[in-house]
Amino acid sequence: MSSDFLKLVGERIRTLRKEKGYTQESLSEKSGIHVTYISDIERGERNISLETLERVIIALEVNPVEVFRVEGIEGIEERADRQELIEALNSLLSGRKTEEVKLVLRLAKDVLGTYDKLK
């Protein structure tokens, strides 16, 4: 079962891919990720690693924050209070390698920096 967040990010990746004029096959070639896996990501059926996400971002030639500009996050936020969201983030990071945690931290800083500029 995939989460709403995975589906939202997968849909965003699909949108970015199409905006670039890429097919799933061309994104597969550029990223080195199997086309079936790309399809699974876009449908929100894969909980991809940060390393895989990084490969997709590089192949799409976008700023990491672009992948997380999704609509519909409000529904997730409405169902959970602030502490639950923090605990969910902690849970996502708890079993990850140090490099992956550092990548998430860099992504979060980019996202928050962009968000602050938009205010």
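Modeller: Contact, as the word is used here, means heavy atoms within 4.5 Å. By that rule threonine 52, leaving out residues up to four places away in sequence, touches Ile33, Tyr37 and Ile41. The model is predicted, so local features need pLDDT of at least 70 and side-chain atom pairs count only at pLDDT 80 or more, while totals for chains, interfaces and linings use all residues. Residues are numbered from 1 along each chain as its sequence is written, and side-chain values use heavy atoms, with hydrogens and water left out.

Biologist: Why is threonine 52 called buried?

Modeller: Buried means under 20% relative accessible area, exposed means over 50%, and partly exposed is in between, with a 1.4 Å probe and protein chains only. Threonine 52 has a relative accessible area of 12%, and therefore it is buried.

Biologist: What makes glutamate 100 buried or exposed, and which residues does it touch?

Modeller: Its relative accessible area is 7%, so glutamate 100 is buried. Glutamate 100 lies in helix H8 and touches Ser49 and Leu50, not counting residues up to four places away in sequence.

Biologist: How do you know whether lysine 109 is buried or exposed?

Modeller: Lysine 109, which is also found in helix H8, has a relative accessibility of 57% and therefore counts as exposed. Its C-alpha atom is separated by 9.4 Å from that of valine 65, which is 44 residues away along the chain.

Biologist: What counts as a helix, and how many are there in the protein chain?

Modeller: Helices are DSSP runs of H or I with at least four residues, strands are runs of E with at least two, and both are numbered from the N terminus. On that basis the protein chain has 8 helices and 0 strands.

Biologist: Why is H2 called roughly perpendicular to H3?

Modeller: Axes are lines fitted to C-alpha atoms, for helices over the stretch in contact, and angles run from 0 to 180 degrees between N-to-C directions. Helix H2 (residues 24-31) and helix H3 (residues 35-42) pack at an angle of about 110°, with their axes 9 Å apart. That angle makes H2 roughly perpendicular to H3, because 65 to 115 degrees counts as roughly perpendicular, under 35 as roughly parallel, over 145 as roughly antiparallel and the rest as oblique. The contact is made by Gln24, Glu25, Leu27, Ser28 and Ser31 of H2 together with Val35, Ile38, Ser39 and Glu42 of H3.

Biologist: What makes a set of residues a nonpolar core, and which residues touch the most other members of the largest one?

Modeller: A nonpolar core is a set of buried Ala, Val, Leu, Ile, Met, Phe, Trp, Tyr and Cys residues joined through side-chain atoms within 4.5 Å. The largest such core has 16 residues, of which Ile13, Leu53, Val56, Leu60, Val62 and Val67 touch the most other members. Helix H1 (4-19), H3 and helix H4 (50-60) each give two or more residues to this core, and H4 provides the largest share, 5 residues. Leaving aside neighbours within four places in sequence, isoleucine 13 is in contact with Ile41, Glu42, Leu53, Val56, Leu60 and Val67.

Biologist: What covers the buried residues of H4?

Modeller: The buried residues of H4 are Leu50, Thr52, Leu53, Val56, Ile57, Ala59 and Leu60, and their cover includes H1, H2, H3, helix H5 (64-67) and helix H8 (98-118).
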